[in-house]
Amino acid sequence: MDLLRNIVYCILLAALLISSPAACATLQVSSDLQSAIDAASSSDTLEVAAGVYEKITVDKSINLIGNGAVIRAGGRDACVAISADNVTISGFLVEKGFYGIKLDHVRGCKISNNTVIYCAQPGIALLYSDGNIISGNNASFNGIVGEGWYGIYLSNSNHNLIADNQAYGNGAYGINLFPSCRNNTITGNRLQGNMYGLYMFRDCQGNVIRNNDMSENTNSGLDLRFNCTGN
């Protein structure tokens, strides 16, 4: 009976160990950031050392923390392309891509305290992405020689928090919502030196806009166009 009890105990213990989630790791990265992302497990944190890194694609739920790290792309590439939910990106200088940081069909991501500059398209773009936080970023001087014109751009994206960002000197828009962006909260942003501070073009409803500085833009601080109601 004791032998049988021990066998059962060992089987249960082995099953528990197999089913227990692995501990989240914190990894140091100083070269080949994309390979480090590919090798990481979900929920890992990558602390990225100072240096210049090539474009990355983030397709798993991880945390990226930049410590003087620069991500740079050229051509029609995004510097940072996010295609997974629950990704955190913080502390990077992102520059010279077609997009700076692009969120595509994702939820629960947090993009904070990054500087995103000199991209041809939007500095930070949310495409069909809901429930994300974009906070404390500097998205300036984007779209000034390209076709994007935006510091921060939302398209078909809902229930996001856009807070305490700076968008200065972009090709046309500090923040642009087009089309069908609903129930977003846009608060505490400094949107200056653009053509438009905050611009909604079509079917943008139920958004909360408060406590933003939209001064010193050349056309309008705030411009709401077609069927942008209930804001």
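Guide: Start with Gln-192: its side chain and that of Arg-190 are joined by a polar contact of 2.7 Å. A polar contact is a pair of N or O atoms within 3.5 Å; within protein, one must be able to donate a hydrogen and the other to accept it, and residues adjacent in sequence count only if both atoms are side-chain atoms. Keep in mind that this is a predicted model: local features need pLDDT of at least 70, side-chain atom pairs count only at pLDDT 80 or more, and totals for chains, interfaces and linings use all residues. Residues are numbered from 1 along each chain as its sequence is written, and side-chain values use heavy atoms, with hydrogens and water left out.

Gln-192 sits in strand β21, residues 190-192. Strands (E, at least two residues) and helices (H or I, at least four) are DSSP runs, numbered from the N terminus. Gln-192 counts as buried because its relative accessible area is 7%. Buried means under 20% relative accessible area, exposed over 50%, and partly exposed in between, with a 1.4 Å probe and protein chains only. What does Gln-192 touch, leaving aside neighbours within four places in sequence? Its contacts are Ala-167, Tyr-168, Gly-169, Asp-213, Ser-215, Glu-216 and Asn-217. Contact means heavy atoms within 4.5 Å.

Now follow Tyr-168. Accessible areas come from the Shrake-Rupley method with a 1.4 Å probe; for residues, only the protein chains shown count as cover.

Tyr-118 lies in the loop between β12 (115-117) and β13. Tyr-118 counts as partly exposed because its relative accessibility is 44%. Phe-141 lies in the loop between β15 (138-140) and β16 (150-155). At 31% relative accessible area, Phe-141 is partly exposed too. The backbone of Phe-141 deserves a look: phi is near 60 degrees, a positive value in a residue other than glycine.

Another positive phi turns up at Ser-180, at about 50 degrees, although Ser-180 is not a glycine. Ser-180 is in the loop between β19 and β20. Pro-179 lies in that loop, between β19 (173-177) and β20 (185-187). A cis peptide bond joins Phe-178 and Pro-179, with omega about -20 degrees.

Back to strand β12, where Thr-115 is found. Thr-115 and Ser-140 are 25 residues apart in sequence, yet 8.0 Å apart in space, C-alpha to C-alpha. Leaving out residues up to four places away in sequence, Thr-115 touches Phe-92, Leu-93, Val-94 and Asn-138.

Which residues touch the most other members of the largest nonpolar core, which has 47 residues? They are Leu-33, Leu-64, Val-80, Ile-82 and Leu-177. Apart from this core lies another, of twelve residues, among them Phe-98, Leu-127, Tyr-153 and Tyr-173. A nonpolar core is a set of buried Ala, Val, Leu, Ile, Met, Phe, Trp, Tyr and Cys residues joined through side-chain atoms within 4.5 Å.

Leu-127 brings in one more side chain. Its backbone oxygen lies 2.9 Å from a polar atom of the side chain of Ser-129. Ser-129 is in the loop between β13 (124-127) and β14 (133-135). Buried or exposed? Ser-129 counts as buried, because its relative accessibility is 0%.

Finally, step back. The chain has two helices and 24 strands. Of its 231 residues, 47% count as buried. Its accessible surface comes to about 10800 Å², and 52% of that belongs to carbon and sulfur atoms.
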